[in-house]
Amino acid sequence: NKLVLFDIDGERQKPIGQYGEIMFKERYPELDFSYTTDPAEAYKDMDFIFMQMRAGGLHMRQKDEHIPLSFGKIGQETCGAGGMSYGLRSCVDMVEAIHQIREYSPEAWILNYSNPAAIVAECLRREFPDDKKILNICDQPENVVRSTSRLLGCDWNDLDPVYFGLNHYGWFTHMYDRKTGEDLLPKIREIVKEKGFLPQDAEQRDKSWLETYGFVQTMMEDFPDYLPNTYDGYYLYPEYKASHLNPNYTRADEVIDGREKRVFKECEEVIKAGKLGDKFHAISDAHAEMMIKVAEAIAFNTLGRFILIVENNGAIANMQDDAMVEVVCELGINGPRPLQ
């Protein structure tokens, strides 16, 4: 088994790679692990390519968020003027990267997490119309499912969601109990009304994320038929959102001041010690777990159900067939099949 980490920024990559060498040596010694800035070394003869790029880096994300908000408009990583700016950068770099990948691994599955996923997915559909092994994924619908399970006090694997929309602008029309078939949405509606809505991993979240999830309560009061994606608020309440976001300190700044420092500090400590010790903590993380489960579904033809971004082709009746929509799909070795 082989795993290669690739980045265009060798200096930033180095501590992550060194941490990986120590971690895999202790936890998975049979793995052939390496890290590189050479595309040929990274992409050659791979079965799966996991992609998540930050075109322009975090300093450009700051600009995407700060500049629109300074004019009273939505400045967000994937929504509004900030999302469009980031999307245009991402499309250029994604197209270049996939052409490189196909040079070295023409049959690899490309599993893309890069934002803004809706814009990137549409770009890749147009640039690579015949490449059916590019799969665009977002973990936010699954995050909402997991957060709903926390609300209900059940295992998120016991929930069977029905979902439709565009990436970061969608709705859960039903949330079934896999064991009984009961639609739990009426119960969810009452609990959200009484107790509000929190992310599954609320204890690990920055303040802005707690506010974003908390706003689900307001959206369900105004639009009670469905359970919304947390990002719907940017579209449905743009003036309110823009007026309540700080143009000088946004989610990008939270990441720079928080997660970035924590991650690289932990890497530094592990590298210095030469061992993981108690620094490795396996936590429930939809972002990581979903991508792995998607790869497993394809590799082992499990026909699992996932909310994925795919060509519409009738999945949503009143949208054009070539629209890139986000719906529940059955996934196996032949790719996704939207459930209508």
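**View 1. Thr78 is a buried residue in a loop.** At 10% relative accessibility, Thr78 counts as buried, because buried means under 20% relative accessible area, while exposed means over 50% and partly exposed lies in between (1.4 Å probe, protein chains only). Thr78 sits in the loop between helix 3 (57–70) and helix 4; helices (H or I, at least four residues) and strands (E, at least two) are DSSP runs, numbered from the N terminus. Leaving aside residues up to four places away in sequence, Thr78 touches Gly83, Asn115, Pro116, His168, Tyr231 and Tyr235, where contact means heavy atoms within 4.5 Å. From Thr78 to Leu308 the distance is 17 Å, C-alpha to C-alpha, and the two are 230 residues apart in sequence.

Here is what to know about the model itself. It is a predicted model, in which local features need pLDDT of at least 70 and side-chain atom pairs count only at pLDDT 80 or more, while totals for chains, interfaces and linings use all residues. Residues are numbered from 1 along each chain as its sequence is written, and side-chain values use heavy atoms, with hydrogens and water left out.

**View 2. Ile67 belongs to helix 3****.** With a relative accessible area of 47%, Ile67 is partly exposed. Look also for Asn248: its C-alpha atom is separated by 9.1 Å from that of Ile67, though the two are 181 residues apart along the chain.

**View 3. Helix 5 (residues 117–127) has a set of buried residues****.** These are Ala117, Val120, Ala121, Glu122, Cys123 and Leu124. Their cover includes helix 4 (80–104), strand 4 (109–112) and strand 5 (134–136), along with strand 9 (304–311) and strand 10 (324–332).

**View 4. Helix 6 (residues 140–152) crosses helix 14 (residues 286–300)****.** The two axes come within 10 Å and cross at roughly 115 degrees; axes are lines fitted to C-alpha atoms, for helices over the stretch in contact, and angles run from 0 to 180 degrees between N-to-C directions. On the helix 6 side, Glu142, Asn143 and Arg146 meet Ala286, Glu289 and Met290 of helix 14. Sorted by class, this contact has two nonpolar, one polar and three charged residues.

**View 5. Trp209 and Tyr213 form a tilted ring pair****.** Rings of Phe, Tyr and Trp (its six-membered ring) pair if their centres lie within 6.5 Å; planes under 30 degrees apart count as stacked, over 60 as edge-to-face and the rest as tilted. By this rule the count comes to 15 aromatic pairs. The ring centres of Trp209 and Tyr213 are 6.1 Å apart and their planes lie at 50 degrees, so this pair is tilted. Both residues lie in helix 8 (residues 207–214), four residues apart, about one turn of the helix, and both are buried.

**View 6. Phe223 and Tyr237 pair edge-to-face****.** Their rings are 6.5 Å apart centre to centre, with 80 degrees between the planes. Phe223 lies in the loop between helix 9 (216–222) and strand 8 (227–228), and Tyr237 in the loop between helix 10 (232–236) and helix 11 (238–244), so the pair ties together parts that are 14 residues apart in sequence. Phe223 is partly exposed, at 36% relative accessible area, whereas Tyr237, at 14%, counts as buried. Both belong to one aromatic cluster, formed by Phe164, Trp171, Phe215, Phe223, Tyr226, Tyr237 and Tyr240.

Definitions and conventions:
Nonpolar A, V, L, I, M, F, W, Y, C, P; charged D, E, K, R; others polar.
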